[in-house]
Structure formats: C-alpha cells, structure tokens
Amino acid sequence: MDLELKGRTFVITGGSGGLGLATARRLAAEGASVAICGRDEARLERATSVLEGLPGEAIGVRADVREVVDLERLVDRTLDRFGRLDGVVNNAGRAAAGAFEGLGDEEILADHELKVMAMVRLVRAALPHLKERGGAVLNSLAVSAKAPIAGSLPTSASRAAGLAWTKAMAQELAPAGVRVNAILIGYVDSDQWVRAAQDAGQSYEEFTAALAERLRIPMGRLGRSEEFADVAAFLLSPRASYVTGATVNVDGGFSPVP
Ligand SMILES: NC(=O)c1ccc[n+]([C@@H]2O[C@H](COP(=O)([O-])OP(=O)(O)OC[C@H]3O[C@@H](n4cnc5c(N)ncnc54)[C@H](OP(=O)(O)O)[C@@H]3O)[C@@H](O)[C@H]2O)c1
C-alpha cells in the first residue's frame, strides 16, 4: 500500500531517539520530510545523520518542548526549510510513575507541562499550517491513559488528559480537515529501556525478557520501535483519511481495555 507520504512534511518531538526516531525513519523512508527535535544537541546530530540517505529530507532543531519559544521556532524552521506542514507528532516525554504518597505538586505539574501543555502549544502553533491542506496530529500516549494502575501516577493522569484532548480536538478540528489521533503504547523497545537495563546492570535482552514475563505481556515480548512507527505512519498518512479521534493500542495485547 502506498501511504502517499512523499512530499509531505512532519514535525516529530522527541525525534532524536527511541520511538520518535523510528517514526522519523519510517516517514523519511516513504519520501516525507521530517523535522525532529530534542534537547541534547549531540544526540540530535547523531539522529539526523541516521536519517541521511533516505528518500525524504531531515533537519534537527534543538528544542525543549516545555518552552513555547522553542516550539514556535521548531514550526518556523520547518516551514522555512520545507515550505509546508502536514502533521505533528507529539512524542517527547519521559517515564514518571511512582506511588501517590510521596508525590509532590511540583512533580505532577511538571509532568503535565511536559506531556500535555507541550502538545497543546505545538498544535496551537502548527494549526494554521495544518489547516492549509488538511493535516494530522498524532499523540504518543500510554495504555495507562485508559487503564491506570497503582504506581502509575502522575503519568497515567497526564496520559488520560492527552486522551481527552485528542478526542475533543478531533471533533472540533474535523470540519477544518485536521485529524487528531493517539497511539496508546504498552512497552516498546526504545532508549528509555536501554537506560533501564543499564541501571539494572543487565543486558538489554535479559532485562526486556524478564520485564515481558513479569508483566505477562500476551505476545511475550516488548514491541519493536518499527512496529510503533508503522502504525504512526499509517495514522499520519492520507490512507487514514476517515480516522480521527481514534486510539490504537500498540502493546502486544497487554492492556485490559481496547
Ligand atoms: N517506549 C515505551 O515503552 C513507552 C511506553 C509508554 C509511553 N511512552 C511514551 O512515548 C514517547 C517516546 O518514548 P521513548 O520510549 O521513545 O523515549 P526515549 O527513548 O527516552 O526518547 C525520548 C525522546 O524525547 C526527547 N525529549 C525528552 N524530553 C524532551 C523535552 N523536554 N523536549 C524535547 N525533547 C525531549 C529525548 O531527547 P532529549 O533527552 O535529548 O531531549 C528523546 O529524543 C514518550 O512520550 C514516552 O513517555 C513510551
């Protein structure tokens, strides 16, 4: 199936690693242009070089999604370079889950800023351009948005908020031709699990196999970042033209809810 992504342009936050980089790779392989961002300049440069040689062009823009000016610069740089914007992927984030007792206001508000307000502000900055040709927004969320469990705060609350924003924005923006969808992620290979394995003093294979077993993931393994990227590319593509306000679990059957 041709995803009809050639010649289109996408912004991917947190595109310098993990799932964001896998998505950038998939889109660029399809001939789309991508602008990726992250805070660490060296990591961003490495990621941009990974994208070299693919059919679509890539630029890296250093940006912290918690800063409005950075988000506005990200959109401006993308338009300066590619002249159009067809979609944004709100993906930058980090794990923040622990017990309610001991969780302070600051930590809760910081997670909301990173995972919810960054998305709101980027969509606000991108919207006039997305409206020009009928664009798409894709939010990287987590299965805990619909199925929060003990020890999953504040992330599960931020992700549930992301779900509400996804659905309401989808309905409001549909008449303007802008689609808004979300992927609810379970446990998928990425740099964050590489770091977790290192912290545990285990090899990546050992760590992730034990994790999959402990969590009883029905498919018996973590997802591959390319498996996330395939779903992301489809939802961003015109082939998903009648799909909006939807969530897709990419979790190997882990979530108890659809
Ligand atoms: N992988 C999973 O199993 C899983 C599960 C549930 C949800 N998720 C969500 O999926 C998204 C991607 O996760 P991942 O596993 O790919 O994470 P990752 O491997 O840690 O990559 C995170 C990316 O986001 C960037 N980033 C982090 N904070 C940022 C900020 N303030 N401003 C700009 N960029 C920032 C990082 O670059 P810098 O650090 O250089 O800024 C990096 O490029 C996250 O929102 C995560 O919470 C992932």
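## Ground rules

The model is predicted, so local features need pLDDT of at least 70, side-chain atom pairs count only at pLDDT 80 or more, and totals for chains, interfaces and linings use all residues. Residues are numbered from 1 along each chain as its sequence is written, and side-chain values use heavy atoms, with hydrogens and water left out.

Helices (H or I, at least four residues) and strands (E, at least two) are DSSP runs, numbered from the N terminus.

## Helices α1 and α8

Helix α1 spans residues 18-29, and helix α8 spans residues 225-236. They pack at an angle of about 55 degrees, and their axes are 8 Å apart. Axes are lines fitted to C-alpha atoms, for helices over the stretch in contact; angles run from 0 to 180 degrees between N-to-C directions. The angle makes α1 oblique to α8. Angles under 35 degrees count as roughly parallel, over 145 as roughly antiparallel, 65 to 115 as roughly perpendicular and the rest as oblique.

On the α1 side, the contact (heavy atoms within 4.5 Å) uses Leu19, Ala22, Thr23, Arg26 and Leu27. The α8 side includes Phe228, Asp230 and Leu236. By class, this contact of α1 with α8 has eight nonpolar, two polar and three charged residues. Ala, Val, Leu, Ile, Met, Phe, Trp, Tyr, Cys and Pro count as nonpolar, Asp, Glu, Lys and Arg as charged, and the others, Gly among them, as polar.

## Helices α4 and α5

Helix α4 covers residues 105-133 and helix α5 covers residues 155-173. Their axes come within 8 Å and cross at roughly 20 degrees. That makes α4 roughly parallel to α5. The crossing is right-handed.

Residues of α4 in this contact include Asp111, Lys115, Met119 and Leu127. Their partners in α5 include Arg159, Trp165, Met169 and Leu173. The contact of α4 with α5 has nine nonpolar, four polar and three charged residues.

## Helices α6 and α7

Helix α6 (residues 191-200) and helix α7 (residues 204-215) have axes that come within 9 Å and cross at roughly 100 degrees. The two are therefore roughly perpendicular.

Trp193, Val194, Ala196, Ala197 and Ala200 of α6 meet Tyr204, Phe207 and Leu211 of α7. This contact of α6 with α7 has eight nonpolar residues, no polar and no charged ones.

## The ligand site

The ligand is surrounded by 30 residues, each with a heavy atom within 4 Å of it. The closest are Ser16, Leu19, Arg39, Asn91 and Ser190.

For the side chain of Arg43, the distance from an N or O atom to a ligand oxygen is 3.2 Å. Gly14 has a polar backbone atom 3.3 Å from an oxygen atom of the ligand.

## Two backbone details

The peptide bond from Leu153 to Pro154 is cis, with omega near 5 degrees. Pro154 sits in strand β7, residues 153-154.

Glu4 has phi near 55 degrees, a positive value in a residue other than glycine. Glu4 lies in the segment before β1 (9-13).

Methods
Polar contact = N/O pair within 3.5 Å; in protein donor to acceptor, adjacent residues only side chain to side chain. Left-handed = near helix turned anticlockwise from the far one by under 90°.
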